[in-house]
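Student: I've got a model open and I'd like to learn how to read it. Could you walk me through a helix pair and some backbone angles?

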Amino acid sequence: MPAQALRCRACEREHLLEAVGVCAACFGPLDPVYDEDLVRETFTREAIEAGPSSIWRYAPLLPVDPPVEPRLAPGLTPLLPAPRLASALGIRDLYLKLDTANPTHSFKDRVVAVAAAKALELGATTLSCSSTGNLANAVAARAAAEGIEAVVLCPADLEPEKLTATAVYGATIYAVDGSYDDCSRLSVELSFELDWAFVNVGLRSYYAEGSKTVAFEIAEQLGWKLPDAVVCPIASGALFSKVHQGFSELRELGLVEGAAPRLYGGQAEGCAPVAAAFAEERKVTPLKPDTVCRSLAIGNPADGDLAITTASSSAGAIYAVPEDEVGENMALLAETSGVFGETAAGVTVGALREAVRRGEVAEDDRVVLLVTGDGLKTPQLVEGLVQPIAVEADGDALLARLGVAV
């Protein structure tokens, strides 16, 4: 395995590849460090294309050994052209990265698969997390597939569809009277007292690296040519920054053609600490979420400042999308592409619309939009579209109603 250590992003102190949540010296975030020579030897186009049809084809740039017998392996999700949506937005070349095709219908299956591989290596018997819903689904399903216990902490007012899609796998659910940030704080506290493997606490360094595989797949699926722009939702900021990192690693290895893509991020207006900080050129200030987009409702994003750096360094941007446009954007996506994305997709479409409106995404740009979760998990914003026409079970009567002579 090319991964050698965990290195602090702040003070650069290195730590062993264990369940270490933050730097022991300065409490900074940790990132895996790889043996560059070994990566160059093993991470080639030919080796990747001959690998398994999952994230594990990119194992040399993941911080864990791939499972001997991968179960419920995520990744290699479709990248599909969306010409009608592109036309509606005023661009020509738009692709949708459909992570709704993962086992629990969100990109979280990627990050959990990597974190769980490390948890099993360390002998964990309980997989745990704090979650706004999709992560809970992924943790519960992964634990079921691996034959270990799952415990999740979610806000008590989470969408019932996401609670059901967690409970069905046999997970223990603690409904916390508070926001996601309260759940996250509680997870950190419990991680000091319990031997549960918290994927987004002690295993966060491994967990976050799984998001790079989105970038790897996009590049491979485009024939190793990079897009001009990628549009992504922002919650903690980890997905946004790791996608950028993934593209950068491919360029450093000489595996792709083209300049690094511009990264555009979106947050719902009622929980937009990163978008606000980006617009005002400052550090992120925590806030209390008040948004219809619960999957992105993180008021104190762990990688918010890194997301701002990512947007700036890639010549991209981060936008706040009005709350009343989220459902409209979900419907636009569905009506023009046949893809029903969750509320996060409504935010991502909104971010792309704004980038086009400002002229930051041009008509001839090749753009990839990430659809990170399934709309069947968050149907509430489009329920008003359900207006069936009552008819009798009589063909002649229906034809008459349609104005067809019989």
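**Reading a helix pair**

Tutor: Helix 4 and helix 5 (residues 134-146) pack with their axes 9 Å apart, at an angle of about 45°. Helices here are DSSP runs (H or I, at least four residues), strands are E runs of at least two, and both are numbered from the N terminus. This is a predicted model: local features need pLDDT of at least 70, side-chain atom pairs count only at pLDDT 80 or more, and totals for chains, interfaces and linings use all residues. Residues are numbered from 1 along each chain as its sequence is written, and side-chain values use heavy atoms, with hydrogens and water left out.

Student: Which residues of helix 4 and helix 5 make the contact?

Tutor: With contact meaning heavy atoms within 4.5 Å, helix 4 brings Lys108, Asp109, Val112, Ala113, Ala116 and Leu120, and helix 5 brings Asn134, Leu135, Ala138, Val139, Arg142 and Glu146.

Student: And which residue has a positive phi of about 70°?

Tutor: Most residues other than glycine have a negative phi. His105 has that positive value although it is not a glycine; His105 lies in the loop between strand 5 (93-98) and helix 4 (108-121). Leu76, also not a glycine, has a positive phi near 50°, and Leu76 sits in the loop between helix 2 (45-49) and strand 4 (79-81).

Key
Axes fitted to C-alpha atoms, helices over the stretch in contact; angles between N-to-C directions.
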